[in-house]
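Colleague: I would like to learn how to read a chain pairing and a helix from coordinates. Could we work through one case?

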Protein chains: 2
Amino acid sequence: MPIALVGSLVDGRANFMTVGWLSRVNYQPPMLALSLNKAHHTPKGIIQNGSFSACFPNLAMEQITDYCGVVSGETTDKSKLFELFYGETKTAPMIADCPLNLECRLVQTVELPTNVLYIGEIVAAWSEERFLTDGKPDMRKIDPLLLTMPDNRYWGIGAQAGDAWKDGIIMKKRIEEGTDASV
Amino acid sequence: MPIALVGSLVDGRANFMTVGWLSRVNYQPPMLALSLNKAHHTPKGIIQNGSFSACFPNLAMEQITDYCGVVSGETTDKSKLFELFYGETKTAPMIADCPLNLECRLVQTVELPTNVLYIGEIVAAWSEERFLTDGKPDMRKIDPLLLTMPDNRYWGIGAQAGDAWKDGIIMKKRIEEGTDASV
């Protein structure tokens, strides 16, 4: 799973929590959903302001990212850990050091047994020229942090394994020509 | 994002589509959500049977995985691409070659502008001894396939970057002892 530091303003103070349960969920307009346990501090800020951020740290930020996941904003001030900036919503704190920050406006919540799903429209994406190639995010430059459970390990991305929407088309042509043994 | 082949029985025939927009969404009972565009063939089977699978391919399955993403089950029979098996639900086709298969019972759908979110309870997880360490899934052995957009590249996992719920605790102790310069 991709790892994000989810930012919100709780009682006016910037707070960040480490989240691995998140995914894009709508194509147009672009939306992102994240699932948080009901006991967390962050949801308070998301509801107060109707906004949140998903800030994607790189590998160099591994320890501080894990730290944000082990201490609660209820007892620890995490607002001074990072250089912050704000965008359109004015209430979704974002992290200057993160290569990619998605700023979201809350559009819907879905109540589940132990968690709540927060669905946000991505109103802006913040990055820097040095993380882009031809104007688009380049994952090799972004160097995102990944998490697997239940072995609880962080990883970087490894070797490129192929090209999406290309390698399958090559196989489709082979099947159509009758030169693929898969089917 | 992690890549899964989502399986369903559409009009009684096993079908698989490639999905990157999925995430765990509830802790207890364990639930998984996936977001599908409304035009797809797979949702028909999910609704017909109230079940689906999330089958996680490894790097060696990259091309066939991409193929399942570029051809629709409406025009192409994908039921013979893999050796299949069924579990508790009897209606969620799973793939013998995938190192990890999650079998899900549909519990809720959430309508979004262009997509629908299918939330399923994970009723069983299928793997093999050779993919486990101490009885738990070992991501190094599973060798999962990752996708990034919009650069549309598949990746493997790379070097381990740290230990979750451990590295942050080390930092917390340093901060409490006053030996950390981060705050």
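Predicted model: local features only at pLDDT ≥ 70, side-chain atom pairs only at ≥ 80, totals over all residues.

Colleague: What rotation superposes chain B on chain A?

Modeller: The rotation is 180°, with 0.0 Å of shift along its axis and an RMSD of 0.0 Å. That is the relation of a two-fold axis. The same surface serves both copies, as 100% of the contact residues of chain B recur in chain A.

Colleague: Which residue of chain B comes closest to the rotation axis?

Modeller: B:Gly158, whose C-alpha is at 1.7 Å.

Colleague: How do strand 13 of chain A and strand 13 of chain B run, parallel or antiparallel?

Modeller: They run antiparallel and are joined by seven bridges. In one of these pairings, A:Gln160 has B:Trp155 as its bridge partner.

Colleague: Now the helix. Which residues of helix 1 of chain B are buried?

Modeller: B:Thr42, B:Pro43, B:Gly45 and B:Ile46. Seen down the helix axis, they fall within an arc of 160°, so they line one face of helix 1 of chain B. The strands of chain B they pack against include strand 1, strand 5 and strand 9. Just after this helix, B:Gly50 takes a positive phi of about 65°.

Key
Residues numbered from 1 in each chain as written. Chains lettered and ligands numbered in written order. Buried ≥ 20, exposed ≤ 12 C-beta atoms within 10 Å, placed from the backbone. Helix = DSSP H or I, 4+ residues; strand = E, 2+ residues; numbered from the N terminus. Arc of directions from axis to C-beta. Contact = placed C-beta atoms within 7 Å. Least-squares fit on C-alpha atoms with pLDDT ≥ 70 in both. Pairing = 2+ DSSP bridges.
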